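Please keep the sequence and the structure in view while reading.

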Amino acid sequence: MIPAVPLQATLTLTFVALLLLFLAIVTVWQMVEIVDATEKRALTVFGEYRKLLEPGIHFIPPFVSATHRFDMRTQTLDVPRQEAITRDNSPVTADAVVYIKVMDAKKAFLEVDDYKRAVSNLAQTTLRAVLGDMELDDTLSRREQINNKIRKELDEPTDEWGIRVESVEVREVNPSQDVQRAMEQQTSAERKRRAMILEAQGERRSAVEKAEGDKQSNIIRAQGEKQSQILEAQGDAVSTVLRAKSAESMGERAVIERGMETLESIGQGESTTFVLPQELTSLMGRYGKHLTGSDVKLDEGQLDSLEFDDETRQMLGLDNIDELIGQIDEEADLDVEEMEQEAQAIKEGEDVGTIQDPDEVITGMSDEFESEEEREDLETETETN
């Protein structure tokens, strides 16, 4: 017969078994270390650095080991807003973002207490120092230069910590409120100055264009008036030639007709006695015979027209009357209305390609006047000879 086990002993054995099971589970838990793919861990045993644990499963001594996690990805550190005084004594505030990456986890573990806080504090002091070495205008306009300077200043100390500074970006650089108001006033004044300059240049350009248009218009109008005067003078010349030609064709007949008109006025008087020159009576007889075919015997022949001598005919242009009339007709074809329209178009600023340059027109008129003067001098000399 087996003796019964006391209840107290059974409870004790159960507790010991549970305790051993718990210790086994905890021991296994402490021995297994799982490292993620984005990190590395530094292993210490009894406070002594042993090695870096790469991504994967690792077995380490339980209860006496410790691991320190390091993220191997690029990390972002916000640099708090800093106040600085520029080289020209202007207060500014600025903040930045620093992008870092752990290159050597052993150095980051052994050389620096907290590499993130260390890099942040170093970036703050460097940002203030860089802004203090620059003018206010440079801090506002040369953002890339500030970034490069801060990164260069951070490279040397962070290399000793196993940290690489990949990039530094200054987000905002703000001057004080007083400086901002002064800058706004300066900007407003500059814009007003530019607006006034542009307006003045526009008015000047408009005045130049208007003056040029008026100048061209006056030149065209002067050309038209000149052409009109030429046509009028040529018309007067042709009229004179025609009257001279008519007088040439009339000859003695005009004299007789004038005499007949005189006799008519004499006959209307109260006197009954009239004295007529012999020449008039002779001319009247010849004229009557010519008109009526009278058989009055006169020694003189039929009435003849007077002829101009060669010099007078050449001076009056009687031989070239048809050519002169043709030239006047050609000149009369000039479209004066079209010239006025071109002048108005130039005055309004439109381009008219047929307008001559004023200097060329003046030069041509001067040459024409000189040619006319030379021709008149030559004719005078010819007549004198």
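Leu 19 is found in helix 1, which covers residues 7-31, and in this predicted model Leu 19 is partly exposed, with a relative accessible area of 39%. Leu 19 belongs to a nonpolar patch on the surface, which it forms with Phe 15, Val 16, Leu 20, Phe 22 and Leu 23. Together, these six residues have about 600 Å² of accessible area.

The surface also carries a patch of negative charge, in which Glu 111, Asp 133, Glu 153, Glu 156, Asp 159 and Glu 160 gather. One of these residues, Asp 133, has its place in the loop between helix 3 (115-132) and helix 4 (136-141). Asp 133 counts as exposed because its relative accessible area is 52%, and the cut-off for that word is over 50%.

How far apart in space are Ala 96 and Asn 147, C-alpha to C-alpha? The two residues are 51 residues apart in sequence, and in space the distance between them is 9.0 Å.

The last topic is charge pairing. Side chains of opposite charge can pair when their charged atoms come close.

| Salt bridge | N to O distance |
|---|---|
| Glu 39 and Arg 69 | 2.2 Å |
| Arg 205 and Glu 209 | 2.7 Å |
| Arg 164 and Glu 166 | 2.9 Å |

In the pair of Glu 39 and Arg 69, whose side chains meet in a salt bridge, Glu 39 lies in strand 2 (residues 39-45) and Arg 69 in strand 5 (residues 65-71), so the pair ties together parts that are 30 residues apart in sequence. Are these two partners buried or exposed? Glu 39 is buried, with a relative accessible area of 1%, whereas Arg 69 is exposed, with a relative accessible area of 52%.

The salt bridge between Arg 164 and Glu 166 joins two residues that are each partly exposed, Arg 164 with a relative accessible area of 38% and Glu 166 with one of 24%.

Arg 205 and Glu 209, by contrast in topic, both lie in helix 6 (residues 177-250), where they are four residues apart, about one turn of the helix. Glu 209 counts as partly exposed, at 35% relative accessibility. Elsewhere, salt bridges that share partners join Glu 33, Glu 39, Arg 41 and Arg 69 into one network, and the bridge between Glu 39 and Arg 69 is listed in the table above.

Note on methods
Residues are numbered from 1 along each chain as its sequence is written. This is a predicted model: local features need pLDDT of at least 70, side-chain atom pairs count only at pLDDT 80 or more; totals for chains, interfaces and linings use all residues. Side-chain values use heavy atoms; hydrogens and water are left out. Patches are made of residues with over 30% relative accessible area and no salt bridge: like charges are joined within 9 Å, nonpolar side chains (Val, Leu, Ile, Met, Phe, Trp, Tyr) within 5 Å. Accessible areas come from the Shrake-Rupley method with a 1.4 Å probe; for residues, only the protein chains shown count as cover. A salt bridge is a side-chain nitrogen of Lys or Arg within 4 Å of a carboxyl oxygen of Asp or Glu. Lys and Arg count as positive and Asp and Glu as negative; His and the chain ends are not counted. The place of a charge is taken as NZ of Lys, CZ of Arg, CG of Asp or CD of Glu. Helices (H or I, at least four residues) and strands (E, at least two) are DSSP runs, numbered from the N terminus. Buried means under 20% relative accessible area, exposed over 50%, partly exposed in between (1.4 Å probe, protein chains only).
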